[in-house]
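Here are some notes for a first look at this structure. Please keep the model open while reading the points below.

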Amino acid sequence: MRKIERFQVYPYIPDKLKPLKKIAYNIWWVWNFEAIELFRRLNVEVWREVGHNPVALLGALSQKELDEAAESESFIAHMKRVEEELDWHLSKKSWFEEANPDAKDAGIAYFSAEFGIHESLPIYSGGLGVLAGDHLKSSSELGLPMTGVGLMYRLGYFHQYLNIDGWQQERFPETDFHNLPLTLVMDENEQPLVISVEFPGRDVYAQIWKSNLGRLHLYLLDTNITQNSVEDRVITDQLYGGDNEMRVKQEMLLGIGGVRALRAVGKNITAFHMNEGHSAFLTIERIHDAMKEQGLKYSEALEFVKASTVFTTHTPVPAGNDRFSPEMIDKYLSHYYNTLGLHREGFLALGRENPSDKNETFCMTVLAIKTASYCNGVSELHGHVSRRMWNNLWPSLPEHEIPIDHITNGIQTLSWTSDEMMRLFNRYLGPRWIDNPVDKNIWTNINSIPDSELWRCRDRLRERLVAYARKHLRDQLINRGAPRSEAQKAESVLDSEALTIGFARRFATYKRATLIFRDMERLERILLNKDYPVQLIFAGKAHPKDNMGKELIKRIVHMVRDDERYRNKVVFLEDYDINIARYIVQGVDVWLNTPVRPKEASGTSGMKVIPNGGLNISVLDGWWAEAISEHNGWAIGKGEEYDDLDYQDEVESLSLYNILEKEMVPMFYNRGADGLPREWIGKIKESMKSLLPQFNTNRMVRDYTEKFYLNAHHNYKLFSDNGFKRSKELAAWRSKISSAWNQVFVKSISYSKDSEIIVGSRLKVTTDVNLGKLNPEDVQVELYFGSLNLRGEIENGASLPMAVDEESGDTSYTYNGQLLCLKSGQFGFTVRVIPRHPHMIRKFQSGMITWAQE
């Protein structure tokens, strides 16, 4: 093979335009429309051709164009304004600094397998990645000391195109990293900084790319380097590509390699956040590090790592959680067994719901839950679903007490709001909505926006979407090999004044993209009404291995192709990405969401239409279950869950048609003498006022900070101070508790049954508990009480601590407590014993909850 020396050629930027490079290499421009407009001014056609990538734009412009910009006073003034805004963003006193002056030494690492920041950085597949991208953006806005960690995929997810039959095909064009807003991290010798991870029989190496994202950095690992074999270079080829073995390789690189990368670049991290279970191996690496560098025992290192780790689950169905066979774990991670001081089954138990089941697979979500002190779902409903899904990890604990919290997702409002709507907000709300989108008082000023101006804005956004859809459809038909006459018809599809409904998301079967087509006769009446026209725009990708999802796409394409009446009414836009998403969420009047409840963990696509004046109609799943009100959108059904999915489709499609026919369409076309749909506009305003201050990532990141990050940071210091004294004490105590817990039991319960119990009275309870070798300070004895269901079980009970009264034997103690009876009805109580230590973070320890028995 010929030896090839590599070098890179950079565009010549005139001195006057040097700030352009500074702006281009900080992805802050993604959520600043003045910065985007700056790049558009250079050459809007080239800007589109390079996928809205300013680094590629600067390299594609002619020298003449750059020189002309350098001599344009208005362009230079515009550039200086943007540069000043960037400098202000980087230097201003942030919310985090003002609210947490004692956390100056905090460092937060956010690990995710994908990041959806912008379409020019194709390292995302869908909602999980877009959420991660918005999380980082808001963290920069709020000034969190955060660092992102992910993988740099050479081929990204995939680009979608449909063949002549409407069947999804995938292509994987290579991404040119050197023409992205990224820089390669260099070592002290000006060579690429490289980390390594032990794989079977060899080390795998990765170089590190850095992206500036406002105030923070995102580090991305890349194995496509000469130090690796051909087999290992492709580890970072595709997001969610390959088989299960490729998945374990990627997740080792993300978790283990990510921790090593942070150390290599000199980041001092005190709180680690795993966005989904893909990165959960990071806890194994951190335990190993603490044992090696601090001389801790495994149990002590585990206490330290758990105390400073946060885990967010996004998956509401068991099949969505990564699982690996025990043999796969043996192959790739057995070298950790000895270094951690664990036998094989002890290590595998970290990823098993039932550690004694030697046939159970190793689940990354279970590993994450067991090695993180702070766990959460991503909506209120998803919190309930997650507690139900993982209740086996805390046997005998009531479901509502399972220690999995929830923080509802949001969107980074600036990234998704159209320029037109931003200007409208600036005019009537003032600039404070940009810096403080969580302030409800700011959003009440939505009422001051004249209906006529808001509606003109909506009309323009719908017109822009229709124009984009026509061009996109024409191009995709030509690429598909359709006759030119058919492609030309694309230029007249859709109506810029018609009620436009959008459905754009991953084409997984549970999302039911085709539910609206269940009764074609009824849908025909809705879509083909000449006086009150309705139209549908679809977009989305099915996973390459999901043939059922591909069938849904094919059905939509065939319906349009085979029936001329729908050609102008229903459109499917290929190769859904962030750019297409922006056009759709900004242009549609209504966002349709029809998942099978409760399989949508949160969903954020519907949130993105709100700042653009769109309304939501959705099944009561994910975020919409807690967002809906009578005046801000529509609910399909009432939150029912069915075993018969066909019956569910029937019921919920009927609900959808009824809303369309009886409420939505009449309201949209009910115009006053001035041509304005006043009731519809009122609903838009109510949607904005009630939802925008709540469902944004600034609020979400503040929740993570106040609930988890600060606690994890302080725990890091507390559990490592004084030679890791707290970690050691807690580990020793847990060992003592574990060996003695089988001796703990409730001997007896007594309470006064003589008099009638009336509202307002107190029920005094006494219990005798055998603690064996333990002392009263090692446990908490609780009254657990609540109303009884028809099966005689306590439902959603509450607990109260009981006070130790006296020692009633060598190992027995008497405890007293009392219940205040606040309402009438059938109630019950019992007694339970749980371990208690002042340094415990979680109240409950798996397998150590002793209930009174008959």
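1. Start with helix α10, which spans residues 244-264. α10 gives the most to the lining of the largest cavity, with four residues. Keep in mind that this is a predicted model.

2. Which residues line that largest cavity? They are Ala-113, Leu-151, Tyr-153, Tyr-240, Arg-247, Gln-250, Glu-251, Leu-254 and His-278. By class, five are nonpolar, two polar and two charged. The space inside comes to about 50 Å³.

3. How many cavities of 30 Å³ or more are there? The count is two. The second largest cavity holds about 40 Å³ of space. Its lining consists of Glu-141, Gln-412, Thr-413, Leu-414, Trp-433, Ile-434, Pro-437 and Asn-698.

4. Two helices deserve a look at this second largest cavity. α18 (413-416) and α20 (432-435) each supply at least two residues of its lining. The lining as a whole has four nonpolar residues, three polar and one charged.

5. Next, a helix pair. Helix α29 covers residues 645-669, and helix α30 covers residues 678-691. Their axes come within 6 Å and cross at roughly 110°. An angle of 65 to 115 degrees counts as roughly perpendicular, and α29 and α30 are therefore roughly perpendicular to each other.

6. Which residues make this contact? From α29 come Met-664, Met-667 and Phe-668. From α30 come Glu-679, Trp-680 and Lys-683. The residues of the contact of α29 with α30 include four nonpolar and two charged, with no polar ones.

7. Now the sheet. Four strands form an open sheet in the order β21-β22-β26-β25. The pairing is antiparallel. Which strands stand at the edges? They are β21 (745-751) and β25 (803-807). Each has a single partner strand, so one side of each is left without a neighbour in the sheet. On average, neighbouring strands of this sheet are turned by 25° against each other, direction ignored.

8. Finally, look at one strand pair within that sheet. β21 pairs with strand β22 (residues 762-770) in the antiparallel sense. Six bridges join the two.

Definitions and conventions. Residues are numbered from 1 along each chain as its sequence is written. This is a predicted model: local features need pLDDT of at least 70, side-chain atom pairs count only at pLDDT 80 or more; totals for chains, interfaces and linings use all residues. Side-chain values use heavy atoms; hydrogens and water are left out. Two strands pair if DSSP finds at least two bridges between them. Axes are lines fitted to C-alpha atoms, for helices over the stretch in contact, and angles run from 0 to 180 degrees between N-to-C directions. On a 1 Å grid over the protein atoms alone, a cavity is a set of points where a 1.4 Å probe fits but cannot get out, and a pocket is an open set with protein on both sides within 12 Å along at least five of seven lines; lining residues have an atom within 4 Å of a point. Grid points are joined across faces, edges and corners, and a volume is the space filled by probe spheres set on the points. Ala, Val, Leu, Ile, Met, Phe, Trp, Tyr, Cys and Pro count as nonpolar, Asp, Glu, Lys and Arg as charged, and the others, Gly among them, as polar. Angles under 35 degrees count as roughly parallel, over 145 as roughly antiparallel, 65 to 115 as roughly perpendicular and the rest as oblique. Contact means heavy atoms within 4.5 Å.
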